[in-house]
Amino acid sequence: MKISQIKNKFLLPVLTMLLIATAGCKKEFFDKKLYGIQDQLATIKDETSALALTNGCYAFVDGTDWYSGRFERMMLECSSDDGWGGNDYQDRPTEIGSMGFTNALNPDNGYAQSLFDNLYQGVRNCNNLMVVMPNAPVTEALKKRTIAEAKFLRAYYYFELVKNYGDCVLYTNLPTSANLIPRSPAKDVYAQIVKDLKEASSDLPEVDVYAAADKGRATKGAALGLLSRAYLFMEDYANAETTAQSIIQSNKYDLLPNYGDLWSINNPWSKESLFEIGYFPDTKFSTGVRATTMTWATSDGGWGWFGLTSDLENAFKAEGDDVRRKNTILKEGDAVEGENRTYPAYNGQHTSGRHFRKFYVPIADRGGLYGNQPLNQIIVRFAETLLIYAEAAAFNGKNPEALVALNRVRARVGLVPKTGLSGDALKLAIWNERRLELAGERTYRWDDIRRIKINGKKLIASLMGPNGSFVKYNTTLSTDPVETKPHRESTSKGTEFKEGKNELWPIPRTVIQASNGTVTQNNGY
Amino acid sequence: MRNKILKQVSLICIFCCMVIISWAQMIVKGTVRSANGEAVSGASILQKGQKKGTSSNADGSFTLSGISAGAMLEISYIGFETTNIAAAATVDAVLVPKANQLADVEIVVDKGYGKTKRNAVTSVISSVKGSDLAGMPNTNLGSVLQGRASGVQISNSGGANPPTQKILIRGFTSLQNSTDPLVIMDGINLGRSGLNFVNLADIENIDILKDASGAAIYGSDASGGVIIITTKKGKLGRFQTDADVSYGSAFYKDPKMAGADEYIAVQKRRNPAYVVPANAANTNWWKESVKSANQINANISFSGGTEKLNSFASLGYTKSDGNYTVGGAYWQKVLARVNFDFTPNKYLKVGFNLNPRFENWVNAGQGDLMPVMRTEPTLPVFVSRPDYNQFSQFSQTGIDRNSNPIAALSRGIYNKNYAVGIIGATYLDITLIKNLHVRSQMNINTGQGYSAGYTPRYYNGNLDRNFDPTDPSSLNKSDNAYNNSNHTFNWIWTQTANYSYRLKDAHSFNLLAGYESRKEYSLGNSASRFKSQDPTNADYYYLNYMQGDFISTGGYESQDTWGAIFGRLNYNYKEKYFIEGNARRDASSRFYSDNKYALFPSGSIGWIVTKEKFLSSLKQLNYLKLRAGYGEIGNSSLNDPASYLNFLSPSFNSVNTVNFGNPRIGSPIYVVARPSNPKLKWERDIDQNIGFDSYWFESRLYVNAELYKRKAKDLLFTDYVGREELGIPGGQKLNLGQISNKGWEATVGFKSKQSNQLKYDLSANFSHNTPYLDSYGLTGEPVLGNAQGYYRLTEELQGPYTKSEVGQEIGRYWGYQKVKVFQNQTEINAYTDKSGNLIQPNAKPGDFKYQDTNGDGVIDDKDRVYMGSRNPKLEVGLNIRIEYKGFDFAMSGYGRFGHNVMWFAKKFNYQGALGANIFAGASSKAWSGEGSTDANPAYVKDGASPDLLRFSSWFLEKGDYFRINNLQLGYTIPAHLIPKMRKLRVYVNAQNMITFTRYPGINPEIYNADLPINANGVDISQYPVKKTIIVGLSIGL
């Protein structure tokens, strides 16, 4: 075969083959669809998907699981004089039970980072909604409502951030450039919270306007309830009073006659609830709230986290408050109300043998996978609104009005009315009422001891620290048979508290790093 | 059973037939011997001017058919002068050794899309001969390569089945993504983890491309180097059968943990309130849980060839049992192979190879060796209580990882895993005109995996905890079954054209041009569900008999594509000066728009100095080649390919489903999952290398050395943290940072004369590599080595333990400097700052005294200092082969020197933290009173002394070790005793028998697969070294 023949026989076909291979694998070959991924622009195309995006903004209110967000919130309450880590058989109760006061609370702490991250995820989703929704193919009415829902939720997230981390990196859009924003002073953050809540309250429907299927969405009442709380933290007592008053006067809400009904799985979205996260156990999915199971005694199938202190029990007893004591503290060895059994005891497992009754679910009602229980979590409730009103009124010098609101809360649990109080005595009575009424819920106590000032000194500073009254009680005065036993969890909690530092959690180191120091650390960390 | 045997027999028959087809009759008989009378096996015998030929057997004999009378036979063998002899009925050829035994540079190596003599190689390639690996346990290629080549660091991680190794060639260039080398077998891309699919017995040769000037031709995914495996092919004119069987035992050395008496004494010292459990036993968990295990290997191969056809077929079987007494763990695999090449005429060559595999294994329950070493000896193995079964796990301390290992391991009995796959290639090679070859090769690599299992109902908890069997919520788990399957299908289609041209016998050119496209496709699904219809009957342990809730269901599908156009030009002048240039333009679907494409150039030069006249007088130096190379190579290895889409994540099935309405129903949600980065582009690794190869003293001494610098820039970086304050969630892909590796490597060897009866080849290789962080992350802040969640390391140590700063070495340990142990209060009181304040006011006698390095009077984060590194200063590999009169002996060893190991487990193994058991006798080493010791602190309750929680120099140990990882002794029966056989050899092989080290923990060779590489090197109760001894028999027919 001559070379020319070979050329004819092979060269042309081969070159053609190469050309085809090259041409057939042009650009399109490298544009591959990514399966199972929802591109935002393509996904928000109707009312259902727009609502799903709105629902996503709610997902971070209570944390996304026991380990991200929810547990951290419980730990905050454990840091107060109401709670212990409680779980005394695993190896971290001391760190968790007194998170705010030990070296474990450092900028590398995973819990401090997780809560921070969880809250900013909420902010991000709300901001995203406010950017996407105006162009979404849905009705103007739905746009207005969903944007108002997002504003309410953004305010909630920033409120949690400013309480726990102080000054915040504040943004209300989706920044596209990589410019790094420094922290804004807490007062600016509060101003944004007030602005969002005011706008939300004017655009959101009243609680009775929503269809049954929308029960649980943010309402005008929810926005006002959160707003009155924000005013209280801002020490803007005039606005706190008028805002709380407007809720009371709206007659949309009332106290439930029976205090214990608030934590029944059969009583979701009650008359007393201004804002509440719904949980139900879907047996196919692991939905529900696990925080409940986590607080039960290990002998009751729980983990034993968040034990309550004998100090709190004493506070109930001092007030003769048996109804709320029994509905707050589930003590090992005591009869379980409504069930024919004694709460099982295993003292070696728990720091105090006192469990959180408000998270208790009767055996018959338990369900869901992995201990996820069908118990809704109330975020804002009317009793708090009454106490906000009472406190603001007391600061505004309206003692009789304050007493009326205070006594309305006390009357429900059969306590005698307070009379004739004024000034500091009245305020102390209201603060004590907050401790008893709201014990263990939504970080009220932890927030209060960092907020309340007595004689110019924050309450936390007189409770904690080497000479704090709570520390002194546990280390020298207490005769509680369980708490005074030797424990893995140190019952000298609070000794290491440092004033001017531990009122806030540290900004995660990673965040400071990522900003190259533009975001600064909190004092002392 | 009968069917099974029939299947196997017919399979073997098919293999035989395929080989026999290509085999033909022969007439000329003869022998090939060396000048001193020794048989030369493997010599090539060719009829001159024809393609007819064969090669000699082990006894030097050969037979050749169809030779016309008077034809000349050309007989050649590496290291000998080629001889020509006239054909006759009987031919006895005598080969004379070459005066200058430069056999090594004549060896052909694979440099990617083409082979060349080592003489012409200008990049950095290490080669390992398949024959050097013969007889090693066929469990994983990774571990047998350890110590064989300089600059190739292999760490065995864990002793689990299947075994895993971490292979780093010249360090690493990413802190997040894969840095494993690419594996190419016969031109087939097996990806970055393909070594498990290669049958050791099939390997002819392994070439390791270490620098980018060599590896760049493979482009994407070759940034960690390339391991090229060439499998055996049929040899001309000879049909042969080889079989090898071996049997052995694998075992661990008992770490000798404390018994109950010592354990109780330690617990009492740790906590005076410790109460000895009422039912305290004295369990030796090691003896209860660990045993020696069988290993079986069997291989058979057939090969042969004519001038037109040659083929090779093999079947290999390996089974290794688990080393646990319960749970029934084992791992077995069958690897088959057919290589087939057909040359119908001088213009055409076609062929295929097929490499099917089957694996199945059972994992040992939910346990590993850590609980075996940590669980308290006071715990009885089984506790008989109502409603508890053998899977129930009790603990006296209540700590997760101190719980009965037997119970956890036992749960393995119902799990099963299967994997089948085929790797195959078919090619067409056309010689268009003289010296122009066009080749098209299609490769497929497909696999399917399936695993299923059943976890019975069991109880986990404290032994003496109250438990009400009637309360279902007290039982920790319901029984459940799972079922997972996955499929992968990858293909690569490569077209290359290779043209060589020689001008005036002085200028040689070789031009390669090619095009390649590749697609990887995978999908899978998984489900697990509670509650069998009949938990007492194993026939109901399948998903379809489960009647409870689904625990999880999942599925995925993904596809990625790559492609490249590449070219290579080689030029040499009189085989003295060499130049090579490469260019490769890569494309990948993982990037967006124009960023998909990137060009990567590379090149290298070589100069054989000994061919210059001015060196000809230097008789001792037989060969010297200087080399220099520069290369750029792309990397698209992302841990998640969706790099440029801004996407939402729907959550229908998790806790964060939001529930509205009355009655409450789950409402679908979308949350922002990850922001896009359309600007993401290829990571670029840039290598520079200089080196030389030299042979001295009749080429018996060989020395080569390399000096290199690797730099990876535009690192593919996943911003896990995000910038929350900017609304940028974690997960964005960015090109951020640069990592460099600087190092050198050298090999020195000495071998016997070719003509000696005592043959030996002794070689040692040395390597050093230091990784540096040039820049990293968004802002260049130091990267701290944390292990959040990983055995709670960061929590237990109160912070990070390594720190990598920009401009400095990566992965150095960073903590507090321990000075001594406070012997008494006076010493504590004497440790004050300038103004007389106590530096460690909380300390008690028996606590550590830490260095106040910044002198500010308090021990805090600012006192942390760098304390040694996990990067060895020197790695040494040692290889010895000796042959004498039928006996052969081989030894290889590997060691690391000049680095530290972070012995986290010391806290448990020495101090009994969290109630863990300690090494027998360790209690005598703890501080027990004034003057007792300065080495270890007093036994204290967990958390009782905040000063003891710091990560200090106490945790650091010198990690130097040298391990004889392979010892082999064989004897080949002389050929005249076995006239019907080509070869018969018996051998004994011992792996990892001796380790020289002063490291006091279990095993100084540490790689933590779950930790990032900058936070690696932590001994968390490392697996001991698995030792094996096998005896085997090789037969050649």
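1. Let's start with a pair in chain A of this predicted model. E199(A) and K195(A) form a salt bridge, with their closest N and O atoms 3.3 Å apart. Both residues sit in helix 8 (residues 186–203) of chain A, four residues apart, which is about one turn of the helix. E199(A) is partly exposed at 25% relative accessible area, and K195(A) is partly exposed at 44%.

2. Over all chains, the count of salt bridges comes to 74. In chain B, have a look at E520(B) and R518(B), whose closest N and O atoms are 2.8 Å apart. E520(B) is partly exposed, with 25% relative accessibility, whereas R518(B) is buried at 5%, because buried means under 20%.

3. E632(B) and R684(B) also meet through their side chains in a salt bridge, at 2.5 Å from N to O. This pair links distant parts of the chain: E632(B) belongs to strand 31 (residues 621–635) and R684(B) to strand 36 (residues 683–696) of chain B, 52 residues apart. Both E632(B) and R684(B) are buried.

4. Some salt bridges share partners. One network joined in this way includes E272(A), E319(A), D321(A), R324(A) and K358(A), and also R410(A) and E441(A).

5. Y499(B), Y501(B), L503(B), F509(B), L511(B) and L569(B) make a nonpolar patch of about 490 Å². Strand 26 (480–503) and strand 27 (507–530) of chain B each supply at least two of the patch residues, and strand 26 gives the largest share, three residues. L511(B) lies in strand 27 and is partly exposed, with a relative accessible area of 44%.

Methods: Residues numbered from 1 in each chain as written. Chains lettered and ligands numbered in written order. Predicted model: local features only at pLDDT ≥ 70, side-chain atom pairs only at ≥ 80, totals over all residues. Heavy atoms only, no water. Patch = residues over 30% accessible without salt bridge, like charges linked within 9 Å, V, L, I, M, F, W, Y side chains within 5 Å. Areas by Shrake-Rupley, 256 points an atom, 1.4 Å probe, with all protein chains shown as cover. Salt bridge = Lys/Arg side-chain N within 4 Å of Asp/Glu carboxyl O. Buried < 20%, exposed > 50% of the residue type's maximum accessible area, 1.4 Å probe, protein only.
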